[in-house]
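Subject: Structure handover

Hello,

Here is the structure you asked about. My notes follow below it.

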Amino acid sequence: MEKVKLNNGVEMPCIGLGVFRIEDNTEAQRVVETALKVGYRHIDTAMYYHNEEAVGKAIKNSGIPREEIFVTTKMWNADQRNGKVKEAFEASLKRLNLDYLDLYLIHWPVEGKFVETWKKFEEIYQSGKVKAIGVSNFKQHHLETLLKEATIVPAVNQIELHPYLTQQNDLDFCKKAGIQTEAWSQFAANQTGLFEEKILTDLAVKYSKSPAQIILRWDYQRGVVTIPKSANEKRMAQNLHIFDFKLTEEEIGKINSLNKNKRVGPDPDHVDF
């Protein structure tokens with residue numbers, strides 16, 4: 001598994017497993033156990049996903065040394081609004097049954113709260129209970145506001161990013177600031193006809209890969225970490241196998257041309273949930 005080095009030196013696997021919308025704990029545990037079996041060493045969850053406990057059980061049952069698995073979870077908006085940042089962190093750690101986290105993220109930029117929340121995140125980081133801290137769904141203007149007050153630069157910004165929403169400006173800003181971009185919904189929720197785009201199907205034929213693998217390779221070559229969600233063992237394995245071919249710059253440009261600035265998730269400027 002290829003890894004990236006975050007701005008504090010921590011190494012993060014370039015591909016992980018996302019577990020959003022797998023709320024049944026038995027199924028979530030099965031999915032994570034399967035992923036670890038086929039080679040994943042990066043699991044991304046959140047308090048809001050209601051499956052942290054299942055993720056923790058799967059990690060424990062895997063027999064894989066804890067230090068070999070990169071675990072991310074996220075703090076939900078209600079905890080920001082209530083000011084219960086450290087309590088939320090400790091509750092996630094307890095549900096996961098872990099001694100530390102590899103990455104803890106602010107899930108959404110709650111207006112008027114995220115700077116204050118970040119200061120608490122810095123304290124959690126200094127405690128040694130998390131190896132890296134970051135944010136999720138922050139646009140450039142959110143990051144600019146945060147960086148004016150931050151002592152620690154976020155290690156990661158996890159955002160919706162796919163060929164219909166290439167996020168080039170935010171990606172460029174994060175690179176310049178030393179923040180690793182991580183993509184969620186990299187396949188545009190599989191509901192938009194993305195896999196049928198001729199650019200992707202032609203490249204899939206050329207490289208004997210699936211359209212999903214082409215997208216993941218496009219992400220990788222743009223310097224983006226990805227966390228594709230799958231409950232299918234075969235597709236899980238396929239999603240890991242993107243390091244044996246390389247897209248040309250022209251091909252990356254063609255995929256970039258699919259951009260429509262089209263979101264499948266909420267706009268971070270309107271966090272009313």
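Does Y49 count as buried or exposed? Y49 counts as buried, because its relative accessibility is 8% (buried means under 20% relative accessible area, exposed over 50%, partly exposed in between, with a 1.4 Å probe and protein chains only).

Some ground rules. This is a predicted model: local features need pLDDT of at least 70, side-chain atom pairs count only at pLDDT 80 or more, and totals for chains, interfaces and linings use all residues. Residues are numbered from 1 along each chain as its sequence is written, and side-chain values use heavy atoms, leaving out hydrogens and water.

Y49 lies in the loop between β4 (42-44) and α2 (52-62). Helices (H or I, at least four residues) and strands (E, at least two) are DSSP runs, numbered from the N terminus. Leaving aside residues up to four places away in sequence, Y49 touches V19, F20, I22, E23, D44, K74 and H107 (contact means heavy atoms within 4.5 Å).

Next, helix α5 (residues 114-126). Its buried residues are F114, T117, W118, F121, E122 and I124. Just after α5, G128 takes a positive phi of about 85°.

Last, helix α10 (residues 233-240). M236, N239 and L240 are its buried residues.

Best wishes
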